[in-house]
Amino acid sequence: MATSLLIGIIFLSASFVQGLTGFGFALVALPFLTIIIDIKTAIPLCILGGTLVTSILAFQLKRNCDIKKIAPLFLGSIPGVIFGATLLKTIDSGSIRIFLGLLLITYSIYCLKASPAPRNLHNRWSWFAGFFSGSLGAAFSVGGPPTLIYTTVTGWDKDEIKATLTGFFLASAVLIAITHALSGLTTSRVINHFLWSIPFIITGTGIGVWFYKLLPEGRYLKLIYWGLTIMGMVMILGK
């Protein structure tokens, strides 16, 4: 019971962050989950939790979900996953993680200080963003930054950004969840923990969405940049 309650509290916090920003569920949940349960249980459990959160957000943001924006990101991520898995076997992942972490931190600080103007990007850049998201996700378990960066420079409003992120992360999470189920990673223990956590996830997401609605446009972008900074630090410290 104590373990289930702790998992519920962790998911409450993680779903609040995802409900507020549109990303960050695994970033918050996974490090704490691995303290109280083994990683082979934590990862598929985290994927199920993230899938539920993004499903709720996708339903709430359905008016802003544009398949033309989401599809290239997702389709581009598929070969990226293959490339990333191959890359992981042939390179020094620690050095690459440090480089990418520093790059994210530098970019985020630049955007926070300089507030660069949005750009009218060609659609092909969404394929590149999806590809690199898939590559980083497969190689380093941190696939969000390229998509986050892409959506913040397009000039979209905060609902368009959050809806596109949500649609992309939902498609990716469903694909991973199916893979976990077929490979036997989604055990009865994982399912029991997930079912217990559902009320916590729904509550946390609802509170996060409520605060999101109060956020001005500029504040939301700053949240994303701070999120990227934290991801960069995680990549460096997790080398």
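A crossing of two helices is called left-handed if the near helix is turned anticlockwise from the far one by less than a right angle, and right-handed if clockwise. Keep that in mind for a pair of helices further down.

The model here is predicted, so local features need pLDDT of at least 70 and side-chain atom pairs count only at pLDDT 80 or more, while totals for chains, interfaces and linings use all residues. Residues are numbered from 1 along each chain as its sequence is written, and side-chain values use heavy atoms, with hydrogens and water left out.

## The whole chain

The protein chain holds 10 helices and zero strands. Helices (H or I, at least four residues) and strands (E, at least two) are DSSP runs, numbered from the N terminus. Of the 239 residues, 45% count as buried, where buried means under 20% relative accessible area, exposed over 50% and partly exposed in between (1.4 Å probe, protein chains only). A contact means heavy atoms within 4.5 Å. Take the contacts between residues at least 6 apart in sequence: 82% of them join residues at least 24 apart.

## H8 meets H9

Back to that pair. Helix H8 (residues 158-183) and helix H9 (residues 188-214) pack at an angle of about 150 degrees, and their axes are 11 Å apart. The axes are lines fitted to C-alpha atoms, for helices over the stretch in contact, and angles run from 0 to 180 degrees between N-to-C directions. Angles under 35 degrees count as roughly parallel, over 145 as roughly antiparallel, 65 to 115 as roughly perpendicular and the rest as oblique. H8 and H9 are therefore roughly antiparallel to each other, and H8 passes H9 in a right-handed crossing.

Which residues in H8 and H9 meet? On the H8 side there are Lys 158, Asp 159 and Lys 162, and on the H9 side Val 209, Tyr 212 and Lys 213. The residues of this contact divide into two nonpolar, no polar and four charged. For this count, Ala, Val, Leu, Ile, Met, Phe, Trp, Tyr, Cys and Pro are nonpolar, Asp, Glu, Lys and Arg are charged, and the others, Gly among them, are polar.

## A covered helix

How many of the eight residues of H7 are buried? Seven are, so to speak tucked under cover, as H7 is mostly covered. Among the buried ones are Pro 145, Leu 148 and Thr 151.

| Residue | Relative accessible area | C-alpha separation |
|---|---|---|
| Pro 145 | 3% | 8.8 Å to Phe 132 |
| Thr 151 | 0% | 7.9 Å to Leu 165 |

Not counting residues up to four places away in sequence, Pro 145 touches Leu 104, Leu 228 and Met 231. With such neighbours left aside again, Thr 151 is in contact with Trp 156, Ile 161, Thr 164 and Leu 165.

## The cores

A nonpolar core is a set of buried Ala, Val, Leu, Ile, Met, Phe, Trp, Tyr and Cys residues joined through side-chain atoms within 4.5 Å. The largest one has 25 residues, and those with the most contacts inside it are Leu 148, Tyr 220, Ile 224 and Leu 228. Helices H4, H5, H6, H7, H8 and H10 each give it two or more residues, with H10 giving the most, six. Beyond its neighbours within four places in sequence, Ile 224 contacts Phe 23, Leu 148, Thr 152 and Ile 161. Apart from this core lies another, of 20 residues, including Ile 7, Ala 42, Ala 177 and Phe 194.
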